[in-house]
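I opened a new notebook page for this protein. My plan is to look things up one at a time and jot down what turns up.

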Amino acid sequence: MNDTTLHNNAPKGVSRRRFITGTGSLLGVAALAGPTTPVWATPRAAAAPIGSGAHVPVLIVGTGYGGSVAALRLAQAGTDVHMVEMGMAWDTPGADGKIFANTTKPDDRSFWLRTRTKQPLSNFLGFPIDKNVNRYTGILDAEEFAGITVYQGRGVGGGSLVNGGMAVTPKRENFAAILPSVNAAEMYSTYYPRANADLGVSTIDPAWFDSVDCYQYARVGRKHAQRSGFPFLFVPAVYDWDYMKQEAAGTVPKSALDAEILYGNNYGKKSLQKTYIDRIKATGRVTISPLHKVTRVSPASGGGYTVLIDQLDTTGRTTATKTVTADRVFFAAGSVGTSKLLVGLKATGALPGLNNEVGKGWGDNGNVMCGRANHLWDPTGKVQSSIPTGGIDNWDAGGAFAEVAPLPTGIETWASFYLSITKNPHRAEFTWNAAAGRPELNWQTAWKQPSIDAAKTIFDKINKKEGTIYRTDLFGTYKIWGDHLTYHPLGGVVLDKATDNYGRLHGYPGLYVIDGALIPGNVSVNPFVTITALAERNIERIIATDLRR
């Protein structure tokens, strides 16, 4: 690695003092840290949550991509469904009049049950940017395991609330390595098109991209990629591009152009709340209980499954414990949530017949981040759209696909920032720590080295061509690589191993997994379109065979 110092991150010919002064002085860093006054939303009165003693035909644990697909298709097939969500509904504005907090000003709404923020970029211009907050059931969970922090969405809509919206379908030639037991022809002819249509996926107008200030950063990324011989690809997204054009024109409240993404997006992004969940509610057959956490699932004496559920308040305290019965249960709590729950249920005797594949095959989608310091003649812009639109493809030659990501600080940084997805062969396992009474993940920090090596096949070459260097002020002191995290957890209950080829858990009729836990660790691109398409495939078969006998 090129372990340069922060002083050397200033563009050539510019001192560190002049660089900081030229980027808005220390006010820019203060803006990143945000206000100290707590601001948060209080849930409004909603439909009554599930009651103790209830009996439901289908219970879905989680409201992310897989769970939302299952709920919609089951309801359309005439089945009543109840969804249980650990996070909040996110349907009530806070004291600032907005539901979601701004990325540059994290507050109590921003993090799940933390008293200090844990932002993916921990430093900027040599200054730490995390701050104290009140403990609250906020939208982003920075869940810490040995060797890795896993970022996950918390709320009705799951990860769709907090991701960058890059809706990428893998290249077909890569699919066999992603899900070898799944028919690729069916996925690409039926389920990927269905997922893309129902998620509202579209691609930016290239002419507008070339003309608008807010994508200056991406155009610099494109120029540098192409000058080094790498293809630059426009990447589809789930954003309302007409709305973004109005943001740029100043005729609507700003959303992507006001740095909204990591802690939710108030206006323009088509999260699941605006797509699948909106349609789910219209069926009249689905109810949702936010701030409810499933703790146990076990066979009921009269058939079906007995489910224990904790109701939470906004400090994370359990206010009630409920017992319900469900004829069928779909686990859709995300790769981490589903894996942890099932590993615990097997180890504690609730579901002892789960096979030994449960907990295995977990991966980070090869995530690693880095920044580059550009020259003065390559400014990346004070205003940057928070929705990425382009990627650099070196998957076949170097094992890396890198999205050209925003760094929306509100000041000029001359920085290019990237999130890479790489061919990382390492897979971790969730196991049960009986002494501590909790599941653990055995990921090792050293396992990120293949991801760093793959990313370097792109960025070492660009730096050499451009005469630029890596930033070392974003992830700690003199640290180049963001190798401490993942945004894309996958696996843990792998399809056709821990389950059958459609997500049915072995040994327990009526129990299913229908989320990213089914995908063994890597999809070569951002994963949510694949999670959605796989869920569409699986639920179609389950409805046709299991519910219509």
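This is a predicted model: local features need pLDDT of at least 70, side-chain atom pairs count only at pLDDT 80 or more; totals for chains, interfaces and linings use all residues.

I began with Phe459, which is buried, with a relative accessible area of 0%. Tyr418 is buried too, and its relative accessible area is 0%. I then looked up the rings of Tyr418 and Phe459 and found an aromatic pair of the tilted kind, with 4.3 Å from centre to centre and 40° between the planes. Tyr418 belongs to strand E15 (residues 415-422) and Phe459 to helix H12 (residues 449-466), so this pair ties together parts 41 residues apart in sequence.

I checked the confidence before going on, and the mean pLDDT of the protein is 92, with 91% of its residues at 70 or more. Where is confidence lowest, and where is it highest? Helix H1 (residues 16-22) has the lowest, a mean of 33, while strand E20 (residues 511-513) has the highest, at 99. Residues 1-45 have a pLDDT below 50, yet this stretch has 111 contacts in the model beyond near neighbours in sequence.

Phe145 sits in strand E5 (residues 140-145) and Phe430 in strand E16 (residues 430-433), so the pair ties together parts that are 285 residues apart in sequence. Buried or exposed, I wondered, for Phe145 and Phe430? Both are buried.

I also found a cluster: ring pairs link Trp208, Phe209, Tyr215, Tyr217, Phe232 and Phe234.

Then I looked for charges over rings. Arg154 has its charged end over the ring of Trp112, 6.0 Å from the centre. Lys461 lies over the face of Phe230, and there the distance to the ring centre is 5.2 Å.

**Sheets**

I went back to E15 to see what it pairs with. It is part of an open sheet of six strands, in the order E7-E13-E14-E15-E12-E18, with antiparallel pairing. The edges are strand E7 (232-234) and strand E18 (469-470); each has a single partner strand, so one side of each has no neighbour in the sheet. Inside the order, strand E12 (residues 368-373) and E15 pair antiparallel over six bridges. Arg372 has Ser416 in E15 as its bridge partner.

E5 and strand E6 (residues 148-153) run antiparallel and are joined by six bridges. Within that pairing I noted Asp141, whose bridge partner in E6 is Gln152.

For a parallel case I turned to strand E1 (residues 55-61) and E2, which pair over four bridges. Val61 stands opposite Val84 in E2. Strand E2 (residues 81-84) points Val81 and Met83 one way and His82 and Val84 the other way, and all are buried.

**A histidine and its contacts**

What is His224 in contact with, leaving aside its neighbours within four places in sequence? I listed Arg372, Asn374, Asp378, Ile462 and Glu466.

H10 is mostly covered, with 10 of its 14 residues buried. Among them I wrote down Ser335, Val336, Leu341 and Leu345. Just after H10, Gly349 takes a positive phi of about 90°.

I repeated the check on helix H13 (residues 528-545): its 18 residues should span 26 Å, and the end C-alpha atoms are 26 Å apart, which agrees. H13 is mostly covered as well, since 14 of its 18 residues are buried.

Note on methods: Residues are numbered from 1 along each chain as its sequence is written. Side-chain values use heavy atoms; hydrogens and water are left out. pLDDT is the predictor's confidence in each residue, from 0 to 100. Helices (H or I, at least four residues) and strands (E, at least two) are DSSP runs, numbered from the N terminus. Contact means heavy atoms within 4.5 Å. Buried means under 20% relative accessible area, exposed over 50%, partly exposed in between (1.4 Å probe, protein chains only). Rings of Phe, Tyr and Trp (its six-membered ring) pair if their centres lie within 6.5 Å; planes under 30 degrees apart count as stacked, over 60 as edge-to-face and the rest as tilted. A charge sits over a ring if NZ of Lys or CZ of Arg is within 6 Å of the ring centre and within 35 degrees of the ring normal. Two strands pair if DSSP finds at least two bridges between them. The expected span of a helix is 1.5 Å times one less than its number of residues.
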